[in-house]
Amino acid sequence: MQREDFDIGAEIAAFRRADPGIGAIASFIGLVRDINDGAAVAGMTLEHYPGMTEKALAGIVADAKQRWDIIDTLVIHRVGELKPLDQIVLVVVTGAHRGEAFAACEFIMDYLKTQAPFWKKEQTPQGAHWVEARASDDQAAERWSDPQAK
Amino acid sequence: MSIRILYFARLREDMGIAQELFDLPAKTCDVKSLRAQLIARGGASAAALGQGKAVRVSVNQDLARDDTPVKAGDEVAFFPPVTGG
């Protein structure tokens, strides 16, 4: 968790270091859009639950490492004030092959969106409001509900 | 027995507080009964946590269910469904 922006290239370069066992790096970057549910978004505030956030993310990553043959994972999530175009979240998964790295990266994002204690409050011309959770995010996470699901 | 209760996001605003200490009359309790006791206080608690409100709960920083036990010294948090990422 950090308030500052992150440099994708620098983060991935530092994360992979010089491990010749890594044959694939899958990554996801989440960004702030300027339109959400038809309303213009001027900016947003990201709140989290210090302590539980770290615990939840550690649990999600441990789960991913159990399900897939991956080498390591990196998760960076920003909190505080953000505006359109800003980066919100970075997930990086390294592995020997792409298939496991892609799947684990998607799993981590699906679980992060439904289980990690973050909340977005958007500022729009009509005022500020808390973003509602999406049923589609619950459905995306649901497909992993079997602990053996891959 | 006393527990610490935290509120986040919309629930923090609706409650008007970020945290409180709460005395449980019973020795054993679960999440469902704790929520009912808070709602029974009326006012902001009833409005924020009452029926029909989408509320998630954690006990000691793990997501909890209605039947998750709550005991003295626990940290319980109430919050809306999460929206990170």
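## A sheet in chain A

Let's start with one residue pair: A:I25 has A:T94 as its bridge partner in β7(A). Strand β7 covers residues 87-95 of chain A, and β1(A) pairs with β7 in the antiparallel sense over eight bridges. Strands pair here if DSSP finds at least two bridges between them; strands (E, at least two residues) and helices (H or I, at least four) are DSSP runs, numbered from the N terminus.

Both strands belong to an open sheet of three strands in chain A, ordered β1-β7-β5 with antiparallel pairing. Because β1 (24-31) and β5 (70-77) of chain A each have a single partner strand, they stand at the edges, with one side of each left without a neighbour in the sheet.

## About the model

This is a predicted model, in which local features need pLDDT of at least 70 and side-chain atom pairs count only at pLDDT 80 or more, while totals for chains, interfaces and linings use all residues. Residues are numbered from 1 along each chain as its sequence is written, and chains are lettered from A and ligands numbered from 1 in the order in which they are written.

## Helix α3 and the core

Which residues touch the most other members of the largest nonpolar core? They are A:I60, A:A104, A:I108 and B:F8, out of 52 residues. Helix α3 (residues 98-115) of chain A gives the most to this core, with nine residues. Such a core is a set of buried Ala, Val, Leu, Ile, Met, Phe, Trp, Tyr and Cys residues joined through C-beta atoms within 7 Å.

In α3(A), 13 of 18 residues are buried, meaning that 20 or more other C-beta atoms, placed from the backbone, lie within 10 Å of a residue's own.

How values were computed: A residue is buried if 20 or more other C-beta atoms lie within 10 Å of its own, exposed if 12 or fewer, and partly exposed in between; C-beta atoms are placed from the backbone.
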